[in-house]
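Biologist: I would like to learn how to read a model like this one, feature by feature. Where should we begin?

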Amino acid sequence: MSSPAGDREIPLDNAKEEISGPVCTGESSRHDSAVCAGSSEIKSRAVVKYCAAPPPTSYALLQEQTDLKLPPANWLRENPQLGSAGTTILGSSSKSKPFSSFGMAYEFIDCIGDDVDVVSDSENIKKLLKIPYSKSHVSMAVHRVGRTLLLDDLDIQELFMKSSQTGDWTWLKEFYQRLIDQKWQRKKKSKEHWYQKAILSKFLYYSINESDAPKQVQESFSMDSMFALDQVTSAPKEQHLAMLFNEGENSQGLRNDFVRNIMWTFEDIHMLVGSNMPIFGGGRYPAVSLRLRDNNKPINILTGIDYWLDNLMCNVPELVMCFHVNGIVQKYEMIKTEDIPHLENSTFSTRVVKDIAQNILSFLKSNCTKEGHTYWLFKASGRGEEEKCQNPFTLPVAVLLYRVASNMMLKASQNRKHYGTIRTLLLNCVKLLDEERHPQIIASAHYMLSELFQLDEPPEEDGEESIRAGGSEDSYSDEDREEEEELTEDSDENVSYRSCCSPQDDSKAVAVIRSVVELSVPEKYKSTHQIRPSGVFPVSLDKEEKCRHVLSCVLKGLKAVDVTIKKESDLPAADPNTPIPLKYEDRNAIGACAAEQGLSLLLERAMAWQADQKLPTRSGMIPGSWQHRMKLQLFFKASKAYYVLSDAATKLLKYGRALRYIKLSLQCYDAYCSVSGTLHPQVLQFHSQCLSLCGDIHLMLAQNGNNRAAYLEEYSYQTKEDQEILHSLQRESSCQAFNMATDLATDPEYQLFVSSKCYEAAYELLFSEALKDQDSDQLAQVLKRLGNIRNEMGVYFMNQAAAMQTEKEEQEMWKKSFSYFEKGMKDFEAMEDSTNSALLLCNTGRLMRICAQAHCTLSADQSRGEFSPEEALYYNKAIHYYLRARKSLASRENHSAVWDSVNWELSTTYFTLATLLQDYAPLSRKAQEQIEREVTDAMMKSLKYCDLQTESARQPLYQYRAATIHHRLASMYHSCFRNQVGDEHLRKQHRSLAELHYSKAVCLFLSLTDAPCELLRTLLERVAFAEFTMAGQSSSTAKLKSLTGALEIMTETRSAFLMIHKELLEEQIELSEPAESADSPDAAGGSPSGLNLQEVMKLMGVFEPSFSFLLLQVIKLMTTMKRKPSNKDEELLKTLKNVYSKLLRAEKNAPLLSRIELHIELLQQLTTQTGSGETGTHS
């Protein structure tokens, strides 16, 4: 014989038509039945969750005239067929054991709080449903856990007898004497009562089929475990939700002693009931219950209801009645379960019983609203609430609340929606218990409360179920409960629910059912059973509020643990004259500065050690004790909460607050290390995250030095809660291991240094043996941060070097900067980050350029000397690093912005090198021709990296750079042409190159709108070049041709004058506006428009004489020409004379704007004539 592990369901073939079909109740079974009563139906379904008895065997049919007064041979012997009744004289359990519902609740913890309405002994259920028919008293204790009500028999007189010596329950005794019938006393059992019990017991033993018994008994003992169907011994224990108190202690010796545990659904009421009723079967009747009746006494309604409910709950379709007279067996009668309500003298309405059940449940649920409270249900009197210190149910209720909450927490797929319920259960559990007597449960409950707040979960998105909406309908927070109770008191229309006392006197409140007749009225109380709101889980999306809830729970848990450890006064007092030895006290002995030892200090608490800790901790805790395990959990939870607070503050740019929180997080971790013998990989990984965040904060502090006062104020602030947590931490640790990393410094260099040390420690930790098999994503992030901080430090020392006064100090800064850049490049190359590698190479190139600038030679009068070899060396090194950066990126597609930046810096370096070679030529070391070649080569390479085609923000800069390069090359070739003597071929080459670069420079300057002076200067130099060419010519025709070409170039200056004129007009408008300052340009020639007026005046001084000279020379040559001039030549000559005349008559001291307007007008006249004149000239 075997049983499945879960609930077994054996539906009847004709469940609706013939409910008396056979059902094997010895095995797990489910029976959906409809009990007919008139035109209505009663729905009942029973599922056996657990059965300790073997499958039912056939009963022995006793012969008539059998004398039941004589004991059978097997009487009072243990027999699994009769279950726990086998060793007593009782046929079934007529009196419930104390706390029997708690035994079942512990056994089936998964059902408690949500799925089941009532948990109780079947005898208690029958008592409640017989209230309108019975005159017997009913006294029960009621407890609420979520939606579930636990009902237990409460013998009030026995309770008073046991407490008479202690003086407890005085108020309840007074209440009882005032409201309860004084005449009601405990009745002594009569001889007749014990006689009936004895013959019933003997009847059941007689009915055991002895032929089947040995086999069945043997099977029952050998296969005992197979009878336990769907048995839940306890909630599984996970490491993060460890039970911190023994199972034997928390269950208080309560056991599930019922032969069967049945999930009974009666209409819409779900009940978990325990039953010890013996069930027999076999043959035609596989499942029957046996009853013994006196033939001289008719069956009354109470007995009928009793039999009917027993059969429904145990899923037994038939009843076998044995009638006797004075203990002599007379006859047997078989009765179907659905016929029991119609027996003679025992007729009752099943619908009325259903209404009674629904009304009683509604009444209890509406009034027994608070978890952790004990309610007393007494027939016709009401209920009361007791103080927790006097209540014998207090500890079992608290433990049950804790276990239900723990079980719900472990349901990973559902725990979010039950968070509100879990929180309410745990809060009520804590409220019930005395901290000094039950610190283990209290500390564990507070830790579980902190676990409800998931600190590392992503923020909720729209459409997701909010945590706030989770929880059962009957469980909610205390604040909301109090508000709702006040509303209910004011708005409840049914007087039966109104308190007999003041609403404030909650501990003595009484709810009354005025008459038991009301229980038979359909839905009498259902309308007033208000559905409670969902358990509210007080979680805001604000991370700080969530973390504060966690820290509050952690603090309460730590206080509960600390109560059980030595008080501080019990600890040995420290001698104020003796320094406390710290592990890093000798860090200066090796001669290095204290700061340089930062990495080893940070790693001191980071590396895992495997030696089990055996000695007591600083506070006196014993390793392995519940206090030790709980403190480890609480310290780690607090560290995580402070980490999240620090991260949130960092995102809000509150860096002082962020540093304070990360300091507290690391102090919690320090205390954790002090009491932990082994650091698990996940703990070490979290520690690396803390160090990494600490590095981020110090980096931000270094970069935002302007707000140091605000950061100091944020850092210095501390809440009372933080102080109390720190006080608890200091019971286990000095909390000084991470001071170097968490002190607020004012020196940016030191802040950068600490940041780098934090990153280095985090990296070393992730790279250690303990974490080598962990996910590499965090390692890559830390390595990236490490490369970034080394870049930051390199830039910092590079900028410091530029500000140094002495060469020795400057070189020290260079070396530090270069060292950090090199380390950063290695970091990024290790993670194959080409973009950041290119940026660091760029910065290294910039450092080389700063080094080159520092090596420039100065003469005695502080003027710039020749371009030195050291300068050339460092510029070439800079070029080398820029080329490496370009190679690292490979193409512009990888990162366009960085690619453009590298190209620009490379072009700038080549341009600077060429400019310095050209302007400060090292003629003492090199020949002019060699210098010219080097300048040309550097200029052309600079030009190569000017991207003139790609549209970008830098395109105008590239155009200006290219135009400047062409202008400088043209000027150089112009100079070479002027100074070259002898080699006519070389002179022609220089002339053509000068013409080429001048024309390209002009084209590029014309495309720019903000370089009129450069355009004007280039054109004037080009005119001068044409004039110099004309001076070397002897033929009048050739001279005229050269001068005419120079004049055409001069007319192109009109574009430059138009741009200058426009900027001057804009400047006048700006100066004339009243809102603007009317200050005139300064002595340096500054202008609001950006135009260099001094430069303009200087160029005007060159332009006017050159223009006059050109006009005069052309007029002379055209006048003295021997050949007869054409009509076009005459018109041109006339125009030239007119322009020259106006130019001579112009006032020399006229305003600049007027002079420019005149030049624009004159050049406009020449522009028209020069084109026609050119034809005539060249004809």
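This is a predicted model: local features need pLDDT of at least 70, side-chain atom pairs count only at pLDDT 80 or more; totals for chains, interfaces and linings use all residues.

Biologist: What span should helix H35 have, and how far apart are its end C-alpha atoms?

Modeller: Helix H35 covers residues 1127-1145, which is 19 residues. At 1.5 Å a residue these should span 27 Å, and the end C-alpha atoms are 27 Å apart, which agrees.

Biologist: Now the whole protein. How many helices and strands does it have?

Modeller: There are 36 helices and eleven strands. The protein has 1179 residues, and 53% of them are buried. Its accessible surface comes to about 54,700 Å², with 51% belonging to carbon and sulfur atoms.

Biologist: What share of the contacts with a separation of 6 or more comes from residues 24 or more positions apart?

Modeller: Such residues account for 75% of those contacts.

Biologist: Next, the strands. How many bridges join strand E9 to strand E10?

Modeller: Eight bridges join them, and the two strands run antiparallel. E9 spans residues 318-325 and E10 residues 328-336. As one example of the pairing, Cys 322 stands opposite Tyr 332 in E10.

Biologist: Which residue takes a positive phi in the hairpin of E9 and E10?

Modeller: That residue is Asn 326, with a phi near 55°. The hairpin has two residues between the strands.

Biologist: Let us turn to charged side chains. How many salt bridges are there?

Modeller: The criterion is a side-chain nitrogen of Lys or Arg within 4 Å of a carboxyl oxygen of Asp or Glu. By this rule the count is 37 salt bridges. One of them joins Arg 657 and Glu 544, whose closest N and O atoms are 3.8 Å apart. Arg 657 lies in helix H17 (residues 655-675) and Glu 544 in helix H14 (residues 543-564), so the pair ties together parts that are 113 residues apart in sequence.

Biologist: Which helices hold Glu 905 and Arg 849?

Modeller: First, the side chains of Glu 905 and Arg 849 form a salt bridge, at 2.5 Å from N to O. Glu 905 is in helix H27 (residues 896-919) and Arg 849 in helix H25 (residues 834-854), so this pair links distant parts of the chain, 56 residues apart. Glu 905 is partly exposed at 23% relative accessibility, whereas Arg 849 is buried at 14%.

Biologist: What about Asp 900 and Arg 892?

Modeller: Their side chains meet in a salt bridge at 2.8 Å, N to O. Asp 900 is buried, with a relative accessible area of 10%, while Arg 892 is partly exposed at 28%.

Biologist: Which residues are linked in a network of salt bridges?

Modeller: One such network links Glu 123, Lys 126, Lys 130, Arg 291, Asp 306 and Asp 310.

Conventions: Residues are numbered from 1 along each chain as its sequence is written. Side-chain values use heavy atoms; hydrogens and water are left out. Helices (H or I, at least four residues) and strands (E, at least two) are DSSP runs, numbered from the N terminus. Buried means under 20% relative accessible area, exposed over 50%, partly exposed in between (1.4 Å probe, protein chains only). Contact means heavy atoms within 4.5 Å. Accessible areas come from the Shrake-Rupley method with a 1.4 Å probe; for residues, only the protein chains shown count as cover. Two strands pair if DSSP finds at least two bridges between them. The expected span of a helix is 1.5 Å times one less than its number of residues.
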